[in-house]
Amino acid sequence: MSWILANLGLIGSQLGAHLLQALPPILTSFVLAIPLARLAARASWLRGVVGVGSGLLYAIPSLPLFIVLPILLGTGIRSIANVIIALTLYGLALMVPGAISAFASVGRDALASATAQGYAPAARFWQVELPLAGPALLATLRVVAVSTVSLVTVGGVLGVPSLGMLFVDGFQRGILAEILTGVVLTAALALVLDALLVAAGRVLMPWTRAGAGGVGAGGVEAATAAEASA
Amino acid sequence: MSQLILALQWATDPAHWSGPTGIGVRLLEHLWYTLLGVGIAALIAVPIGLLVGHTRRGRGLAVAAAGAARALPTLGLVTLFGLLLGIGLLAPLIAFVVLAIPSLLAGAYSACEAVDPRTVDAARAQGMTELQILTRVELPLGMPLLITGLRSATLQVIATAMLAAYVGNGGLGRFIFLGLKTQDYPQMLGGSLLVIALAIAVEALLLGIQRLTAPRGLA
């Protein structure tokens, strides 16, 4: 406890750096996955590329990817951009297959009736298709959010500031409280983001409020589905 | 790009493959850690997962446990156990097992759940015991899902096994941390390429096994 009180500044700055690396990949992979999934629904060659690409990417461990990417990008190994791009790739590897199956799960009858009611293609997408795919998209996004927050810590061994630095520093200096603080804060950050996503889902998709699963329930199912489809 | 060529030269140099600290030994260590971690986790998680999937009891608990475990940072677990238990294989091994359990658990219970309940009822009506239903109906039909769980657990442990080197063990992670400490980028990059190649090879192997175990007539 005394270690925590004496190092609040350090913990705060590492937490800030952690968020700075975790939030952009989560947001970017979600925003990019939707048009990619829509394109893949029409082009079967893209579905093949997405299937193989996401399976392959998901097989690559994060630490080697953090080391190999600077060669391809020309960034420094301790650069935050390097971590953000690697985590965006992982996010896409989960999010794109998830979004493809989310859009595939929307009933053709619902879309046909929307067209019959006079919805233009763009309006049909925004007002019918996207909301109906919403719950499945959210389930995958929750998995992406939780795994991204956890993966950011790996950069710690390379010296990239994040809560992972608390593990590295705590291990090297033998401070148990420092490692524990890092583990608890990382897990708490993941759970808070997950809870925020669930709350946002309830506000944006009020019809899903009844019968919503507990924390993590939808996430695990989506993860299993994502892995099965990968 | 010249860095990449140097890394490939490093990784393909026969002199780096032999000896007690060579790539060959580190590769075997890495595979051994993975086998041990996934094996122990499977002994714990698969029976529990099958029981949950077959009886459909305790599912909420299993799902919540698997979800919570996903939020745990791997590096945090490895360093935490490393500091508590000291240098040695036990500390990273516990971390591997903890990290492999959620995927295996999810794979095992979804393997049972994916089987059509009418098929299970038909087996029961034919007089099969519950154990027979599990081993002769649910397990063969759900095998691809069980292996999906095994695949993601194995990938997770191959990735985490690199961190074992960080707390004083062997494995391919040695080259990465040695290279990091001595500013030897080709060695670091070479070690990384080796781990990536290993992960993709193991993934391809397990995918092949998954295809072979898919029940005929369904796939």
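Mentor: Happy to! Over residues 15-197 of chain A, the chain is 84% helix and 0% strand, with the end C-alpha atoms 19 Å apart (helices are DSSP runs of H or I, at least four residues, and strands are runs of E, at least two, numbered from the N terminus). This is a predicted model, in which local features need pLDDT of at least 70 and side-chain atom pairs count only at pLDDT 80 or more, while totals for chains, interfaces and linings use all residues. Residues are numbered from 1 along each chain as its sequence is written, with chains lettered from A and ligands numbered from 1 in the order written.

That stretch, residues 15-197 of chain A, comes from an unreviewed UniProt entry, as "domain: ABC transmembrane type-1"; such annotations may be inferred rather than shown by experiment. For chain B, UniProt lists a feature of that name, also from an unreviewed entry, at residues 27-206. There the chain is 84% helix and 0% strand, and the end C-alpha atoms are 18 Å apart.

Now for the partner. The contact (C-beta atoms, placed from the backbone, within 7 Å) takes 41 residues from chain A and 38 from chain B. On the chain A side, the elements giving two or more residues are α3 (44-59), α4 (62-73), α7 (121-152), α8 (164-173), α9 (176-204) and α10 (217-229). Of these, α9(A) supplies the largest share, nine residues. By type, the side of chain A that touches chain B divides into 26 nonpolar residues, 14 polar and one charged (Asp, Glu, Lys and Arg count as charged; Ala, Val, Leu, Ile, Met, Phe, Trp, Tyr, Cys and Pro as nonpolar; the others, Gly among them, as polar).

Technical notes: Two residues are in contact if their C-beta atoms, placed from the backbone, lie within 7 Å.
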